[in-house]
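Dear colleague,

I am passing on the structure that we spoke about, and my notes follow below it. Please read them with the model open beside you.

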Amino acid sequence: MSHAVVVGGGIGGLAAALALQQRNWAVTVCERAPSLDPVGSGLAVAANALKALDVLGVGDAVRALSTLRGEGGIRRRDGRWLVRTTEEAAAARYGDSVVLLTRAALVDLLAEHLAPGTLRLGTEVHAVDPDTGRVSTGAGELTADLVVAADGLHSAVRRALFPDHPGPAYAGVTSWRLLVPRGGLPCPASETWGAGQVFGVLPLAGDLVYCYGTATVPAGGRADDERAELLRRFGDWHDPIPRLLEAAGAGRILRTDLYSLATPLPAFHRGRVVLLGDAAHALTPYLGQGACQAIEDAVVLAHLADRPDGPAAYTAARLPRATRVVRASDTLCRITKLRNPLAVRLREAAMVLGGRLRPDLMLTAADEILRWRPPV
């Protein structure tokens, strides 16, 4: 039986482990944290990733968490819709819409489906040899036929494999993420664009709302009270944004600077090692595709892993698509960063006009991403 070592127990690493186990691989997941406590609050699982989760046998369990109904889209800071669509239209076009859930819920679901003994928590990986598949950890040495580096944005494995690559670039934007009790507030799924700032409101199961804000600021900034900072920036925006922020727990707001691998890697593999998820193609969150692309990676990798040229075939299958998604997300990021009042008005007018000319504009713009299907 072939053996794979997965470095990192996030969504991508767990999905890869599950996909490989379904192909009769023995898998060891090395996660340096003492528990599976995912960083972040909520995420969107779009139609492309739901199809991949079907391959893993957990798609319907994720769909059961869906709370989306009716309209959603992009709004102005006064609440007026700029462009919108419906859950029903998305489902009709792609066979699925999007499921909004907490990161913890998806991590737990994937972990529950792994074979007993797969996870090694509190196990830090110190070095990986791409030629031999040896993995040095704090608990000893492992040898693998395949090493899957799913160790995130600041991947140590990526740096070792491609030391001349410039690494992640700051997108010029910081983000805030938080979970807030809905408290009976009407909260349609929406993203509101202002001058260089964005605020998202996404309803989750269990009477929770996932909120996020972004702003164009220098990297490394922090506020003594991040909730007060959010109220300063978004407190005069349309309802329910101010009321959601008032209800937020001051100490439960996660602030993170946004980075992407704007310069593509030359390959997603070297020797027996493959890179997956943010380690391979970190992207800004504006398309909601970070976790989705990692899940795609996982099922494609497992589909190809038994081939003699498995790692190279994985690069050939994933590098072009992931690069396009990274660039599309970076482009959208640049559009949201517009702060000049005239540029903002022109952006809004173009979105309104586009929506009138093409009522399905929000969907057609994402066709290439959302029409993806797993390999068979």
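**Thr-118 and its surroundings**

Leaving aside residues up to four places away in sequence, Thr-118 touches Gln-21, Val-27, Thr-28 and Val-29, where a contact means heavy atoms within 4.5 Å. Please keep in mind that this is a predicted model, in which local features need pLDDT of at least 70 and side-chain atom pairs count only at pLDDT 80 or more, while totals for chains, interfaces and linings use all residues. Residues are numbered from 1 along each chain as its sequence is written, and side-chain values use heavy atoms, with hydrogens and water left out.

Thr-118 sits in the loop that runs between helix H5 (103-112) and strand S7 (119-121); helices (H or I, at least four residues) and strands (E, at least two) are DSSP runs, numbered from the N terminus. With a relative accessibility of 3%, Thr-118 counts as buried, a word used here for under 20% relative accessible area, with exposed meaning over 50% and partly exposed lying in between (1.4 Å probe, protein chains only). The side chains of Thr-118 and Gln-21 are also joined by a polar contact of 2.7 Å, that is, a pair of N or O atoms within 3.5 Å, of which, within protein, one must be able to donate a hydrogen and the other to accept it, and residues adjacent in sequence count only if both atoms are side-chain atoms.

**Cysteines**

If a disulfide is taken as a pair of cysteine sulfur atoms within 2.5 Å, the count comes to zero. For Cys-211, the closest cysteine sulfur belongs to Cys-187 and is 7.1 Å away, which is too far for a bond; Cys-211 is buried, at a relative accessible area of 1%. Cys-292 is likewise in no disulfide, since the nearest cysteine sulfur, that of Cys-333, is 18 Å away, and Cys-292 is buried at 0%.

**Helix H10**

Helix H10 (residues 290-304) has 15 residues and should span 21 Å at 1.5 Å a residue, which agrees with the 22 Å between its end C-alpha atoms; the expected span is 1.5 Å times one less than the number of residues. Of the 15 residues of H10, 13 are buried, so the helix is largely enclosed by the rest of the structure.

**The protein as a whole**

The secondary structure comes to 14 helices and 18 strands, and buried residues make up 53% of the 376 residues. Among contacts with a separation of 6 or more, 73% are between residues 24 or more positions apart.

With best wishes
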